[in-house]
Amino acid sequence: MKPAIAPETLQALQKIDTCTVANAIETFNVRLRNEGYADSSIRCMTNCDSPVVGHAVTARIRCSSPPVTGGTFVDRTDWWDHILTIPGPRIVVIEDVDEAPGAGAFLGEVHACILHGLGCVAAITNGSVRDLPAINQGSFKLFANHVSVSHAYVHVVEFGTPVKIGGLEVRPGDLLHADCHGVLSVPHEIADRIPAAAAQITERERKVFELCRAGEVTVDKLRNAVRGVFD
C-alpha cells in the first residue's frame, strides 16, 4: 500500500475543485488524459458544496441473493477493523459485484453514520444508496450510480482488494478527490505538486475571463490569452 499523503497536502487539495485538479494532473504527463477518473455513471447523490479528499478503503458486496451464512452487513463487522488500517481521512469505495448492480443499498443513514465515526468523509459505489435527505443533513458525501428503497440482501464478500467503479480501478490507500463533477484518482508521486500547478492554471484562466468580460475581445487577443490554458 502507498504511504499516506501529508496533512498539509490534503488540506490544500480540498480547497481545489476536482476539474482543476484533473487539469493540474495533465501537466505532469504521468498518465493518459482519458484515464484516472470514474465515468459519468458515478455521480454525487448528496450535498456536494465542497470537494472531499481521502485515502481509499475498498470492499466488494452482493445484494441480490442471501450470503452463504448470516443475512446483513452486521454479520461482517470485521471489515471495520480493516478501515482503521488505512490512513485518514478515508473514502470508502464499494464495488457491487452483482450481475445487475444496485438491487439493494449498502449505504444508508446508519452505515453512513458508522463510516463517518470511523474517520471516513465519503463513500463511492457503483451500486445503490438510500436515506439521502437524512445523510444530507451531515457532512458525509455519497457518490453512486443508483438509489434504492431497500438494502435487499446486501453483504460484504471481500475487502482490502482492488475494485473497479465506473471504469476506475481503485486500490487500498489510493488518493481520491471528488466533488459534484465526479471522482478522480490523484497519483501519489505528484500529489504535493498539484496545488501549485492548479494555481498556475487558475491564473492563466483568470486572464481569459478578464479579457472576455472587458467587452473588447478580438481573435488575436484571445489567441494570446489562451496560450497554455488548453495545452
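This is a predicted model: local features need pLDDT of at least 70, side-chain atom pairs count only at pLDDT 80 or more; totals for chains, interfaces and linings use all residues.
**Helix 2**

I began with burial in helix 2, residues 18–26, and found Thr18, Thr20, Val21, Ala24 and Ile25 buried. I then viewed the helix down its axis: the buried residues fall within an arc of 155°, so they line one face of helix 2.

Next I asked what covers the buried residues of helix 2. The cover includes strand 12 (175–179), strand 13 (182–186) and helix 6 (194–214).

At the N-terminal end of helix 2 I noted a cap by aspartate 17, with a side-chain oxygen 3.1 Å from the backbone nitrogen of cysteine 19.

**Cysteines**

I searched for disulfides and found one in the structure. This disulfide joins cysteine 44 to cysteine 48, with an S to S distance of 1.7 Å. I checked the handedness: the torsion about the S-S bond is about 115°, so the disulfide is right-handed. Cysteine 44, at 17% relative accessibility, counts as buried, and cysteine 48, at 18%, also counts as buried.

I returned to cysteine 19, which is in no disulfide; the nearest cysteine sulfur, that of cysteine 180, is 7.2 Å away. Cysteine 19 is partly exposed, with a relative accessible area of 33%.

Lastly I examined cysteine 212. Its sulfur lies 19 Å from the closest cysteine sulfur, in cysteine 19, which is too far for a bond. Cysteine 212 counts as partly exposed, at 41% relative accessibility.

Conventions
Residues are numbered from 1 along each chain as its sequence is written. Side-chain values use heavy atoms; hydrogens and water are left out. Buried means under 20% relative accessible area, exposed over 50%, partly exposed in between (1.4 Å probe, protein chains only). Helices (H or I, at least four residues) and strands (E, at least two) are DSSP runs, numbered from the N terminus. The arc is that of the directions from the helix axis to the C-beta atoms. Contact means heavy atoms within 4.5 Å. A polar contact is a pair of N or O atoms within 3.5 Å; within protein, one must be able to donate a hydrogen and the other to accept it, and residues adjacent in sequence count only if both atoms are side-chain atoms. A disulfide is a pair of cysteine sulfur atoms within 2.5 Å.
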